[in-house]
Amino acid sequence: MANSKLRHLTFKRLVIPFKIGFKHAQAQRHSTESLWVHATSVDGVHGYGEACPRHYVTGETLTGAVEFLRTHAASVQREVHNVDTLRDWLHTHRAEIDRNPAASCALELALLEVFAKAQQQSVEALLNLPALQGTFRYSAVIGDCDAQTFATLLQRYLHLGMYDFKIKLSGDLRRDHDKRSILEAHRHETLRVRADANNLWRNADDAIGYLHKLDYSFWAIEEPVRPGHFAALTRVGSALEIPVILDESVTRIEQLAALRDAPHRWIVNLRLSKMGGLLRSLNFAAQAREYGIPLIVGAHVGESSLLTRTALSVVNAQRASVLAQEGAFGTHLLAHDVCAAPLMFGNDGVLDAPPPAAGWGLAINIDSSQQPDLAY
């Protein structure tokens with residue numbers, strides 16, 4: 001296997017304003033909050049990685065992610081020269097990566113691109129994955145907002161031909177009932193709606209009571225109670241007779257074993273940042289398939305085209321297990337993207353597979369003035 005010795009690793013905060021603010025029960029955002037990694041080999045090959053540290057998902061912060069990279073950059077440059085040595089390094093540092101998955105994700109994605117481009121092949125070819133092909137269909141996601149904004153966004157998505165929705169609940173019954181009424185007004189259109197509560201309720205009884213009062217036929221509910229409270233999560237799903245989507249509650253492959261006895265009750269929201277990168281995500285998805293647990297391949301709000309592109313590798317490899325896909329907002333949400341031709345959904349929520357190209361195949365163009373204060 002060919003080697004690519006690293007010359008530089010640079011990390012920065014990636015700041016891109018949103019066109020419209022996005023809110024849910026745990027956070028409100030008006031710009032990206034992402035970690036960006038730029039790797040350069042001694043031969044002048046460039047690779048890029050991105051991740052979104054979220055304290056309410058994995059306990060990470062951007063500051064902590066940068067500290068992880070600063071701590072380990074020298075050993076990565078010294079020890080990691082190809083995919084095999086990358087896997088070895090990730091295995092050796094797996095306990096630290098469990099605590100810093102987003103930092104590891106951004107680093108790994110940049111290194112994979114360097115190694116792939118050095119061999120003039122795509123990352124899929126480098127990892128012996130199926131080549132990207134066909135189309136990818138995305139869900140519309142609507143944050144917690146007032147009724148007028150909700151109605152406007154819903155109509156905008158419907159105009160695009162999108163009928164698969166994820167909506168954020170607020171815990172304010174009147175506010176959420178307004179959303180329900182707007183959705184009901186479109187009952188003649190075959191909407192498929194799941195709800196995300198972002199750990200709103202303290203216990204199962206509170207969640208069940210609220211959702212019964214709301215009285216809308218969601219096909220699934222995401223994270224209604226505190227993360228990891230599986231008995232309460234099971235009660236909510238059983239009472240509503242719908243599956244529960246696990247996001248904050250499942251961030252590592254070892255946690256899947258607790259779900260294998262009743263896979264019909266669960267769906268896991270897999271996001272590359274929280275899993276620790278592409279390699280761990282692929283292993284996680286394969287294990288979930290073995291247990292019969294379906295997936296949603298999700299996205300953190302504000303992801304750029306780079307994370308959109310990398311998530312395609314997981315969906316493409318595990319299409320039979322993926323019930324829905326989130327992200328690919330590009331300049332629907334961002335004031336600008338990291339590349340001139342953003343990867344983003346169009347009509348019907350569809351993104352066509354990009355043509356084969358070396359690395360991630362994106363022409364990255366980041367303004368050097370964007371927060372270069374975190375450089376190593």
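Helix axes are taken here as lines fitted to C-alpha atoms, over the stretch in contact. The close-up views below come from a predicted model.

**View A. Helix 7 packed beside helix 8.** The view shows residues 147-159, which form helix 7, together with residues 173-184, which form helix 8. Their axes come within 9 Å and cross at roughly 30°. Angles under 35 degrees count as roughly parallel, and helix 7 and helix 8 are therefore roughly parallel to each other. The crossing of the two helices is right-handed. On the helix 7 side the contact is made by Ala147, Phe150, Ala151 and Leu154, and on the helix 8 side by Asp178, Lys179, Ile182 and Leu183. Six residues of this contact are nonpolar and two are charged, with no polar residue among them.

**View B. Helix 8 against helix 9.** Helix 9 spans residues 204-214, and its axis comes within 10 Å of that of helix 8. The two axes cross at roughly 45°, which makes helix 8 oblique to helix 9. Helix 8 passes helix 9 in a right-handed crossing. From helix 8, Leu173, Asp176, His177 and Arg180 take part in the contact, and they meet Tyr210, Lys213 and Leu214 of helix 9. By class, this contact contains three nonpolar residues, one polar residue and three charged residues.

**View C. The buried side of helix 3.** Helix 3 covers residues 83-92, and its buried residues are Val83, Leu86, Trp89 and Leu90. These four lie on the same side of helix 3, because they cover an arc of only 120° around the axis. The buried residues of helix 3 pack against several other helices: helix 2 (62-79), helix 4 (94-99), helix 5 (101-118), helix 6 (123-126) and helix 12 (278-291).

View D. The buried residues in helix 10 are Ala232, Leu233, Thr234, Val236, Gly237 and Leu240. Just after helix 10 comes Glu241, with a positive phi of about 60°.

View E. Asp215 is located in the loop between helix 9 and strand 10, the strand being residues 221-222. Asp215 is not a glycine, yet its phi is positive, at about 55°. Glu223 sits in the loop that runs from strand 10 to helix 10 (230-240). Phi of Glu223 is also positive, near 45°, and Glu223 is likewise a residue other than glycine. Glu223 has 0% relative accessibility and so counts as buried.

**View F. Surroundings of Ser34.** Ser34 belongs to strand 4, which covers residues 34-41. With a relative accessible area of 0%, Ser34 is buried. Apart from its neighbours within four places in sequence, Ser34 touches Lys12, Arg13 and Leu14, as well as Glu50, Ala51 and Cys52. Leu62 and Gly302 are also in contact with Ser34.

**View G. Ala118 in helix 5.** Ala118 is a residue of helix 5. Its relative accessibility is 38%, so Ala118 counts as partly exposed. Ser41 is 77 residues from Ala118 in sequence, and the two C-alpha atoms are 8.9 Å apart in space. When neighbours within four places in sequence are left aside, Ala118 is in contact with Ser4 and Val45.

View H. Leu132 is placed in the loop between helix 6 and strand 6 (135-137). Buried means under 20% relative accessible area, and Leu132, at 15%, is therefore buried. Asp352 is 220 residues away from Leu132 along the chain, while their C-alpha atoms are separated by 9.5 Å. Leaving aside neighbours within four places in sequence, Leu132 contacts Glu124, Arg309, Leu312, Ser313 and Asn316, along with Ala353 and Pro354.

Methods. Residues are numbered from 1 along each chain as its sequence is written. This is a predicted model: local features need pLDDT of at least 70, side-chain atom pairs count only at pLDDT 80 or more; totals for chains, interfaces and linings use all residues. Side-chain values use heavy atoms; hydrogens and water are left out. Axes are lines fitted to C-alpha atoms, for helices over the stretch in contact, and angles run from 0 to 180 degrees between N-to-C directions. Angles under 35 degrees count as roughly parallel, over 145 as roughly antiparallel, 65 to 115 as roughly perpendicular and the rest as oblique. A crossing is left-handed if the near helix is turned anticlockwise from the far one by less than a right angle, and right-handed if clockwise. Contact means heavy atoms within 4.5 Å. Ala, Val, Leu, Ile, Met, Phe, Trp, Tyr, Cys and Pro count as nonpolar, Asp, Glu, Lys and Arg as charged, and the others, Gly among them, as polar. Buried means under 20% relative accessible area, exposed over 50%, partly exposed in between (1.4 Å probe, protein chains only). The arc is that of the directions from the helix axis to the C-beta atoms.
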